Amino acid sequence: MPGGKTHDTINIAVLTVVLAGIFYLTMWNVNELAVRYLDIYTIAVFSIFYLFATFFLSPDLDIESKPYKRWKMFRILWWPYKVIFKHRGLSHNPIIGPLSIVINLALIVTLLLLLMGVELHQGHLRFIVAATIGMVLSMEVHIISDFLVSKMKSIF
Ligand SMILES: [Zn+2]
């Protein structure tokens, strides 16, 4: 499986390609749906959360990985996750992996918002969806890279 640095590089390369695709679809009005739903704010939220997930929410939170250590003193928030999930077990399942991480994060964020007295309303939905898609895509890219690299290693 690729190391932390390789994962970061692959993930950023994929984001660049995705953004180029979005740019192509919206800039020249190639796709009407894309033009309607992908305004600059939605794309920005998507990209920021994609990068956030790449550096902080990798499926490798199941070990003492770089993303795990980047949480510094807040790594305690992911300690239960690390204990529950065996490395490259369910955390690297294409459905359960991202789902479990997003749910864990949602619990943390909801608790924080409640503590700060922030109320969510309908208008936030589009950004929540964009953020979630960004995070899930980043984790899927990680899982696929792990899969492809271990496949290649078994061939050579
Ligand atoms: Zn991994």
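Guide: What follows is a short chat about this predicted model.

Visitor: How far apart are the end C-alpha atoms of helix α1?

Guide: They are 34 Å apart. The helix covers residues 4-27, and at 1.5 Å a residue its 24 residues should span 34 Å, so the two values agree.

Visitor: What comes just after α1?

Guide: Asparagine 29 does, and its phi is positive, about 50°.

Visitor: New topic. Which residues in the largest nonpolar core touch the most other members?

Guide: The core has 16 residues, and the ones in question are Phe49, Tyr50, Ala53, Leu57, Ile101, Met135 and Met139.

Visitor: Which helices supply at least two residues of this core?

Guide: α3 (40-56), α6 (96-116) and α7 (125-155) each do. The largest share comes from α7, with 7 residues.

Visitor: And what does leucine 57 touch?

Guide: Leaving out residues up to four places away in sequence, leucine 57 touches Phe52, Pro67, Ile101, Leu105, Met135 and Met139.

Visitor: Now leucine 77. Where is that?

Guide: Leucine 77 sits in the loop between α4 (66-70) and α5 (79-84).

Visitor: Why does leucine 77 count as partly exposed?

Guide: Because leucine 77 has 14 C-beta neighbours inside 10 Å. The partly exposed class lies between exposed, at 12 or fewer, and buried, at 20 or more.

Visitor: Which residues is leucine 77 in contact with?

Guide: Trp71 and Ile108, if neighbours within four places in sequence are set aside.

Visitor: What separates leucine 77 from threonine 132?

Guide: Their C-alpha atoms are 19 Å apart, and the two residues are 55 residues apart along the chain.

Note on methods. Residues numbered from 1 in each chain as written. Predicted model: local features only at pLDDT ≥ 70, side-chain atom pairs only at ≥ 80, totals over all residues. Helix = DSSP H or I, 4+ residues; strand = E, 2+ residues; numbered from the N terminus. Expected span 1.5 Å × (residues − 1). Contact = placed C-beta atoms within 7 Å. Core = buried A, V, L, I, M, F, W, Y, C linked by C-beta atoms within 7 Å.
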